[in-house]
Amino acid sequence: MKNFHLNCILLISIVIQISCSPEEKLPENKAPGVFQIDDIQFDGLDVFIDWSDSTDPDEDIVYYSLYLNDIKTYEGEISESTLRVEYNKLYICKLIATDRNGGVQETTFNFNSPNSKILFYQTGNHIIHAYDLIENKKLWEAEGGLLSSFCIVDDKIYTGSDKIQGLDLLTGESKWTSMSLNYYDRYRDIIADQKHIYAFTIDDDLYCIDVLTGDKVWWRSFIDYEGPMGIDESKVYIANRNNYDLFAIDKETGESLWTYESFDRPYSYEIESNPLIVDDVLYVCDNYYYLKAFDKNTGSLKWQIRLDTSIYASPTTYNDRIIVATNQSIYCINKKGIIEWSKQVPSGYNFQTSPIVDGDKIFTPLTGNGSGKFNCLDARSGNQIWSFACGQNPSSPVVFEDQVFFGDWDNKMYSLNTITGTVNFELNTESYVSGSATVVEGLGGKIYYPSVSALKN
């Protein structure tokens with residue numbers, strides 16, 4: 001037994017000597033080499049990220065981990081990745097290369113995802129549609145107000161179905177509701193700025209609503225309100241049929257600042273287009289053939305000109321001139337009220353909706369009996385550049401990135417090339433398109449309204 005214990009002690013001593021004897025140290029692991037981002041490309045919301053290979057000095061396999069806003073989105077050996085992102089976002093990114101033996105190399109970079117480009121339009125069944133112009137697909141649809149009753153400020157589209165609602169531009173989800181109003185089925189005209197929403201009910205009551213709280217600031221009633229509102233930095237302009245022709249109302253208080261009444265007007269007198277505001281002048285058209293220019297601060301009539309037929313389309317501008325379409329002709333009129341050129345519509349057609357100017361071109365929808373036309377005119381002369389056959393009642397157009405968009409009663413939304421008039425796409429809609437479209441780039445950063453909108457000013 002004694003010999004057994006001695007043998008054990010001897011064996012332990014040998015092991016200790018061996019373990020304590022000097023030997024070569026293992027080589028220190030080296031981190032993967034430096035690498036960089038080579039390319040970032042977008043295809044819609046798919047982003048392709050390519051980076052240079054990291055060379056490991058120890059010839060170890062290098063693995064990559066990619067983080068977008070602290071979320072791991074990729075892990076693997078390949079030095080590229082295609083990912084799905086969201087619109088209108090800044091992505092703070094981190095890319096880590098590791099050899100899984102403790103060696104780590106890291107780089108950081110940022111990118112902005114594409115700004116959303118959304119076409120909004122409303123159909124005759126009171127549904128608002130949001131169409132993604134980048135990926136060419138419908139984003140969402142939601143209940144809307146009467147006709148094309150919506151307005152966009154920042155990241156919300158305000159509409160009036162029962163209550164005034166603020167819907168998220170990208171999802172259509174309700175983010176804001178005014179609970180301070182009486183219940184109505186629909187609102188017929190809505191405009192907004194950074195502080196207030198102004199909305200007409202179907203009973204001709206005008207409400208001013210605080211955008212932050214949703215509370216009613218003021219309201220007042222009108223008699224047989226007809227045309228859309230106009231708006232500037234301090235006033236709302238209202239056309240009224242059976243009382244005064246025109247009201248200028250203080251945006252903060254709702255009090256009348258001035259009114260105008262033409263003394264020789266008949267009972268059937270109407271202003272159905274929205275007022276056009278250019279500098280300190282307010283231009284208004286009526287169904288008794290007149291284009292009138294007012295001092296917007298005082299309501300005094302500066303001049304008026306009688307044209308050939310009734311005017312239902314909203315006027316717009318080209319350089320220092322006013323473009324106005326009567327039922328039968330389109331005019332270019334300077335700021336002194338002098339006609340520079342005019343063109344009659346082709347036989348069998350008329351102007352019921354508003355033209356729009358982009359560059360040196362005027363885009364004019366023409367209503368017809370059974371079929372309509374959509375024409376492009378030279379704004380300098382009125383001469384036709386191209387023409388497109390469409391349904392019988394095209395809406396007022398909006399222009400965005402060399403495309404002109406308009407809807408029609410043939411249950412379609414059109415996109416035409418502004419230069420050639422060729423079709424970019426046609427969207428089939430479940431009901432007729434009831435009003436003019438609007439295009440929004442980003443979260444309300446850039447908004448492209450048709451001429452019929454008060455906010456086009």
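This briefing looks at charged side chains and who they pair up with. The model is predicted, so to speak of local features pLDDT must be at least 70, and side-chain atom pairs count only at pLDDT 80 or more, while totals for chains, interfaces and linings use all residues. Residues are numbered from 1 along each chain as its sequence is written, and side-chain values use heavy atoms, with hydrogens and water left out.

**Salt bridges**
- The structure holds 20 salt bridges, each one a side-chain nitrogen of Lys or Arg within 4 Å of a carboxyl oxygen of Asp or Glu.
- One of them pairs Glu75 with Arg100, with the closest N and O atoms 3.9 Å apart.
- Glu75 sits in strand 4 (residues 71-76) and Arg100 in the loop between strand 6 (90-98) and strand 7 (104-112), so this pair ties together parts 25 residues apart in sequence. Strands here are DSSP runs of E, at least two residues long, numbered from the N terminus.
- Lys195 and Glu252 also meet in a salt bridge, at 3.1 Å from N to O.
- Asp378 and Arg380 make another, at 3.1 Å.

- Buried means under 20% relative accessible area, exposed over 50%, and partly exposed in between (1.4 Å probe, protein chains only).
- Glu75 is partly exposed at 47%, and Arg100 is exposed at 53%.

**Lys235, without a salt bridge**
- Lys235 lies in strand 20 (residues 235-239).
- Lys235 is buried but has no salt bridge, and the nearest side chain of opposite charge, Asp232, is 4.1 Å away.

How values were computed:
Helix = DSSP H or I, 4+ residues; strand = E, 2+ residues; numbered from the N terminus. Lys, Arg positive; Asp, Glu negative; His and termini not counted.
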